[in-house]
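The tour below goes from one selection to the next.

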Amino acid sequence: MWARLAAHLKVEGERTVPTGTCPECDADVHVDTDADKGDTISCEECGTDLEVVGLDPVELDIVEEESLDDDDDDEEEF
Ligand SMILES: [Zn+2]
């Protein structure tokens with residue numbers, strides 16, 4: 001019977017939710033347990049897009065928005 005099977009479907013031990021630190025505001029940011037390097041998440045505090053750059057421990061890096069001005073320090077007179 002499936003009912004019996006269902007009874008065995010219990011939550012497998014609560015894993016600690018991995019958290020990283022937002023480089024922007026220093027808040028603890030929860031990372032999905034199945035997150036992978038390169039995944040992008042948003043800081044719940046400041047909304048900054050963060051890229052998962054490390055998993056053990058979790059390391060987060062600010063995703064640089066594609067800046068409209070590509071010229072870095074090429075600021076010569078227009
Ligand atoms: Zn933040």
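Is Cys 25 buried, partly exposed or exposed? The model is a predicted one, and in it Cys 25 has 13 other C-beta atoms within 10 Å. A buried residue needs 20 or more and an exposed one 12 or fewer, so Cys 25 counts as partly exposed.

Strand S1 covers 19–21 and strand S2 covers 28–30, with Cys 25 in the loop between them.

Setting aside neighbours within four places in sequence, its contacts are Cys 43, Glu 45 and Cys 46. Select Thr 48 as well: Thr 48 is 23 residues from Cys 25 in sequence, and their C-alpha atoms are 9.0 Å apart.

Move on to the sheet. Three strands form an open sheet in the order S3-S4-S5, with antiparallel pairing. Its edge strands are S3 (40–42) and S5 (58–62), each of which pairs on one side only. From one strand to the next, the twist averages 45°. Strands of a sheet pair through backbone hydrogen bonds.

Select S3 together with S4, residues 49–55; three bridges join these two strands in the antiparallel sense. In this pair, Ile 41 stands opposite Leu 50 in S4.

Finally, show the whole protein. The protein has 78 residues, of which 10% count as buried. Among contacts with a separation of 6 or more, 22% involve residues 24 or more positions apart.

How values were computed:
Residues numbered from 1 in each chain as written. Predicted model: local features only at pLDDT ≥ 70, side-chain atom pairs only at ≥ 80, totals over all residues. Helix = DSSP H or I, 4+ residues; strand = E, 2+ residues; numbered from the N terminus. Contact = placed C-beta atoms within 7 Å. Pairing = 2+ DSSP bridges. Axes fitted to C-alpha atoms, helices over the stretch in contact; angles between N-to-C directions.
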